[in-house]
Amino acid sequence: MKDILIIGAGPAGLTAAIYAGRAGMDALVIEKLFAGGQIANTHLLENYPGFPDGISGQDFAEAMRKQAEKFGAEFVSAEITKLDLSGDIKKIYAGEKCFEGKTVILAGGAIPRKLGIEGEEDFIGMGISFCATCDGMFFRGRDVAVIGGGDTALGDAVYLSNICRKVYVIHRRDQFRASKVVVDQAKAKENVEFIMDSVPERFLGGFDFEGVELLNKKTGEKTTLEVQGCFLAVGYLPDTAYMEGIALDKSGYIIAGEDTKTNIPGVFAAGDIRTKRLRQVVTAAADGAVAADEAAAYIESTKISF
Ligand code: NAP
């Protein structure tokens, strides 16, 4: 049995693993695919303190993982199917496999939101992507669209403008949610064009992806945009669907305060998965440190004999 089971290997989970190891705790990080979480999809992380020139999300995640391993954290790749957190010994199931721990840190982050419109499911991975850093190169010299108006969408547009011939940014309002610095970077690119007040209505194509039909919400006009690729950057949803017994808010985020404590003793929530105002790498990392410290304190103070 492990002292701390950590679900998720994004900045929150990896920081928790570093702090757990340094506190002498035996930690196992359970990751779905690879280290990094959302950050692995970020081509340039520009606002994490200590990197004045920015750092690629993949390099950042890899460095954090190495640091966690240095302090003794173990990693396993598994898709979690069920949690049993009700007893003193916490159990995490991945199919037939069961991991046991004295405490659990839930740091699974969030998954990309879909639009839920016609054609979307048909073309995911065949023209529609959620990750510009991963898939941008497939569209070298082609025309692409980015849907969304947040930091991810505008950052993706800047990244793709250096690879693609033309990048259309489609946003449903006339104001961007993204920070000014990244909006200005995108506006400075000659091959980035903004289509405002517009939403995608359906994706088009037969065998190949051909583009997207747009509705201008102000004028009611419908147009067809011919592009070979489309990047969806319309936000994230917390990855909490399988979490029975954990108190969630109405949007599905785990209810936990700055101390990362959930409604179940010995179970903590860190990073984007918990209720919080500012979801950033730096706040996720801070949560990870707090959660590991709280988990260690719980093990020290509990009267349970494991
Ligand atoms: P976000 O901030 O939630 O933005 C999602 C965007 O998608 C919004 O502009 C939203 O429009 C739009 N949208 C949502 N649902 C839509 C729908 N059904 N149809 C059309 N448009 C829709 O998500 P994000 O950009 O992925 O950022 C997530 C968090 O990560 C944020 O806190 C962000 O600051 C952070 N982040 C930071 C960095 C960085 O610092 N380097 C990079 C990436 C992300 P509205 O604006 O109208 O709501």
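How many salt bridges does the structure hold? The structure holds 19 salt bridges, a salt bridge being a side-chain nitrogen of Lys or Arg within 4 Å of a carboxyl oxygen of Asp or Glu.

The model is predicted: local features need pLDDT of at least 70, side-chain atom pairs count only at pLDDT 80 or more, and totals for chains, interfaces and linings use all residues. Residues are numbered from 1 along each chain as its sequence is written, and side-chain values use heavy atoms, leaving out hydrogens and water.

| Salt bridge | N to O distance |
|---|---|
| Lysine 2 – glutamate 74 | 2.9 Å |
| Lysine 114 – glutamate 121 | 3.1 Å |
| Lysine 166 – glutamate 193 | 2.9 Å |

Lysine 166 in strand E10 (residues 166–170) and glutamate 193 in strand E11 (residues 192–195) are 27 residues apart, and their pair links distant parts of the chain. Strands (E) are DSSP runs of at least two residues and helices (H or I) of at least four, numbered from the N terminus. Lysine 166 is partly exposed at 22% relative accessibility, as is glutamate 193 at 34%. Buried means under 20% relative accessible area, exposed over 50%, and partly exposed in between (1.4 Å probe, protein chains only). Lysine 2, at 16%, counts as buried, whereas glutamate 74, at 39%, is partly exposed. A further network of salt bridges links Glu258, Arg274, Lys276 and Asp287.

Alanine 153 belongs to helix H5 (residues 151–161) and is buried, with a relative accessible area of 0%.
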